[in-house]
Amino acid sequence: KKTFIIALFTGLIEVLGTFLGYFAVKIAKVILPFALAFAGGTMLYVISDEMIPETHSHGYEKGATFSLLVGFCVMLAMDVLLG
């Protein structure tokens, strides 16, 4: 009897989670562009504030700058080619 009640409870939680996920997706379609823009801005801040100074402080300025530019160009090409 105890096992049945626990299984019933976990099954009900799954159904509630399904409906919650369904409604969250409807809301997320509106919010998604703004959330992605915020995430992109956050990553740019982290790179410019922490990663670039760290890579340039140990004598690898040329390699770090070249790698950053190559990575940017590869991502730009992937965005254009893959849509």
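Analyst: Helices here are DSSP runs of type H or I with at least four residues, numbered from the N terminus. By that rule Ile31 belongs to helix 1, and helix 1 is the part examined here. The model is a predicted one.

Helix 1 covers residues 2–56, and Ile6 lies in it as well. Ile6 has a relative accessible area of 46%, and is partly exposed. Ile31 falls in that class too, since its relative accessibility is 44% and the partly exposed class runs between the buried limit of under 20% and the exposed limit of over 50%.

Two C-alpha distances give a scale for this part of the chain. From Ile6 to Leu16 the sequence separation is 10 residues, and the C-alpha atoms are 15 Å apart. From Ile31 to Asp49 the separation is 18 residues, with 27 Å between the C-alpha atoms.

Tyr22 is 39 residues away from Glu61 in sequence, and their C-alpha atoms lie 48 Å apart. Glu61 is a residue of helix 2, which spans residues 61–82. The relative accessible area of Glu61 is 36%, so Glu61 is partly exposed.

Val70 is also in helix 2. Its relative accessible area comes to 37%, which again means partly exposed. Val70 contributes to a nonpolar surface patch of about 1100 Å².

The secondary structure consists of 2 helices and 0 strands. The radius of gyration is 23 Å, whereas the globule rule gives 12 Å for 83 residues; the chain is therefore more spread out than a compact globule. Along the principal axes, the C-alpha trace extends over about 70 × 30 × 20 Å.

Of the 83 residues in the chain, 1% are buried. The accessible surface amounts to about 7600 Å², and carbon and sulfur atoms account for 79% of that area.

Charge placement is the remaining item. The chain carries 5 positive and 6 negative charges, and the mean position of the positive set lies 25 Å from that of the negative set.

To return to the part in question: helix 1 holds Ile6 and Ile31, with Ile6 at 46% and Ile31 at 44% relative accessibility.

How values were computed:
Residues are numbered from 1 along each chain as its sequence is written. This is a predicted model: local features need pLDDT of at least 70, side-chain atom pairs count only at pLDDT 80 or more; totals for chains, interfaces and linings use all residues. Side-chain values use heavy atoms; hydrogens and water are left out. The radius of gyration is taken over C-alpha atoms; the globule rule is 2.2 Å times the number of residues to the power 0.38. Buried means under 20% relative accessible area, exposed over 50%, partly exposed in between (1.4 Å probe, protein chains only). Accessible areas come from the Shrake-Rupley method with a 1.4 Å probe; for residues, only the protein chains shown count as cover. Lys and Arg count as positive and Asp and Glu as negative; His and the chain ends are not counted. The place of a charge is taken as NZ of Lys, CZ of Arg, CG of Asp or CD of Glu. Patches are made of residues with over 30% relative accessible area and no salt bridge: like charges are joined within 9 Å, nonpolar side chains (Val, Leu, Ile, Met, Phe, Trp, Tyr) within 5 Å. A salt bridge is a side-chain nitrogen of Lys or Arg within 4 Å of a carboxyl oxygen of Asp or Glu.
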